[in-house]
Amino acid sequence: MMNDYDLLIGLAIATFTTGLIGVVVRRNLLVVVMCVEVMLNAVVLAFVTFAARSQSLPGVAMTFFIYIAAACEIAVAMAIVVLLAKRRGSLDLAHGDELKG
Amino acid sequence: MSITIGIFASFALIFAVLVVVLRQPMRAALALVAHMISLAAVFACLNVHVVALFQVLIYVGAVMVLMIYTIMLLDDSDPSYVKVFSRWSVPGIVVATVVMVALGVLLWTAAPVAPAVANPAPGPFGFSEFSIAFMSRYWLHFEIATALLAIGIVAAWTILSQRVGK
């Protein structure tokens, strides 16, 4: 029978894949940033599960640094979202083709 | 399998799927909040209360509030609200499925970790032990993290201080 740790590793894989699908298929820039957050959450879940299984502290300490990186990322990402929305008048990623060719 | 972990894990997966499929960003953001709270409950069930508290305070309390403020600042008649999915949906789902299978094979065939204690004591994951380790073993990482936060604030300020049209 599947134990808790196997279940949670499976959940981390499924959540990471869900976030990855969201990053690829969604057109709205804000939702894409949210899907990146879902992927980060999956990584945190994997770290915590492995740390709890092996009863070691470094995996738990690592999650703290993931939170710091996520906080920085969201501050910069939201600033970029607001700037792009003001410049283009849209959050649609299909309009972001200025770098083409 | 613990029933509470199973229930909260199911919630976490359902709300993660809702983040991807819901049309309105505000609803997607609320689904993301629910996903994060479900994960915090899973961490609490694993006796890792430090991370559960970080999850609620930092992610739900700070990151999501910032995101919801940004959603409220922006126009809700955007074309991306009407046509939700891009034309890369099918290749994206195929590639993501391949990634999921590869990750599953990798993680389940990896070398097994030492078996856990039956009822894990809160020992290494208690607040006092975590704080002592953080101020002794991880003090340099902690200082670097504060520098990273300062850089993030300066970067956000620099981006927002740009004039539109330049």
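Trainee: How many residues of chain B are in contact with chain A?

Mentor: In this predicted model, the area buried between the two chains is about 6900 Å², and carbon and sulfur atoms give 79% of that area. The contact involves 73 residues on the side of chain A, and on the side of chain B the number is 85 residues.

Trainee: Which helix of chain B supplies the largest share of the side that touches chain A?

Mentor: Seven helices, α1, α2, α3, α4, α5, α6 and α7 of chain B, each supply at least two residues of that side. The residues of this side divide into 64 nonpolar, 15 polar and six charged. The largest share amounts to 11 residues, and the helix it comes from is α5(B).

Trainee: Are α2(A) and α2(B) roughly parallel or roughly antiparallel to each other?

Mentor: Residues of α2(A), including A:Val31, A:Met34 and A:Val48, meet residues of α2(B), among them B:Pro25, B:Leu32 and B:Phe43. By class, this contact has 14 nonpolar, two polar and one charged residues. The axes are 10 Å apart and the angle is about 5 degrees; because angles under 35 degrees count as roughly parallel, the two helices are roughly parallel.

Trainee: How are α2(B) and α3(B) oriented to each other, roughly parallel or roughly antiparallel?

Mentor: The contact between them is made by residues that include B:Met26, B:Leu30 and B:Val33 of α2(B) and B:Val56, B:Tyr59 and B:Met64 of α3(B), and by class it has 22 nonpolar, two polar and no charged residues. Their axes lie 8 Å apart and the angle is about 175 degrees. Because angles over 145 degrees count as roughly antiparallel, α2(B) and α3(B) are roughly antiparallel.

Trainee: Which residue forms a salt bridge with A:Arg27?

Mentor: Over all chains the count comes to one salt bridge, and in the pair that contains A:Arg27 the closest N and O atoms are 2.9 Å apart. A:Arg27 lies in the loop between α1 and α2 of chain A and its partner in the segment after α3 of chain A, so the pair ties together parts that are 65 residues apart in sequence. That partner is A:Asp92.

Key: Residues are numbered from 1 along each chain as its sequence is written. Chains are lettered from A and ligands numbered from 1 in the order in which they are written. This is a predicted model: local features need pLDDT of at least 70, side-chain atom pairs count only at pLDDT 80 or more; totals for chains, interfaces and linings use all residues. Side-chain values use heavy atoms; hydrogens and water are left out. Contact means heavy atoms within 4.5 Å. Buried area is the accessible area (1.4 Å probe) that two parts lose on being put together, summed over both. Helices (H or I, at least four residues) and strands (E, at least two) are DSSP runs, numbered from the N terminus. Ala, Val, Leu, Ile, Met, Phe, Trp, Tyr, Cys and Pro count as nonpolar, Asp, Glu, Lys and Arg as charged, and the others, Gly among them, as polar. Axes are lines fitted to C-alpha atoms, for helices over the stretch in contact, and angles run from 0 to 180 degrees between N-to-C directions. Angles under 35 degrees count as roughly parallel, over 145 as roughly antiparallel, 65 to 115 as roughly perpendicular and the rest as oblique. A salt bridge is a side-chain nitrogen of Lys or Arg within 4 Å of a carboxyl oxygen of Asp or Glu.
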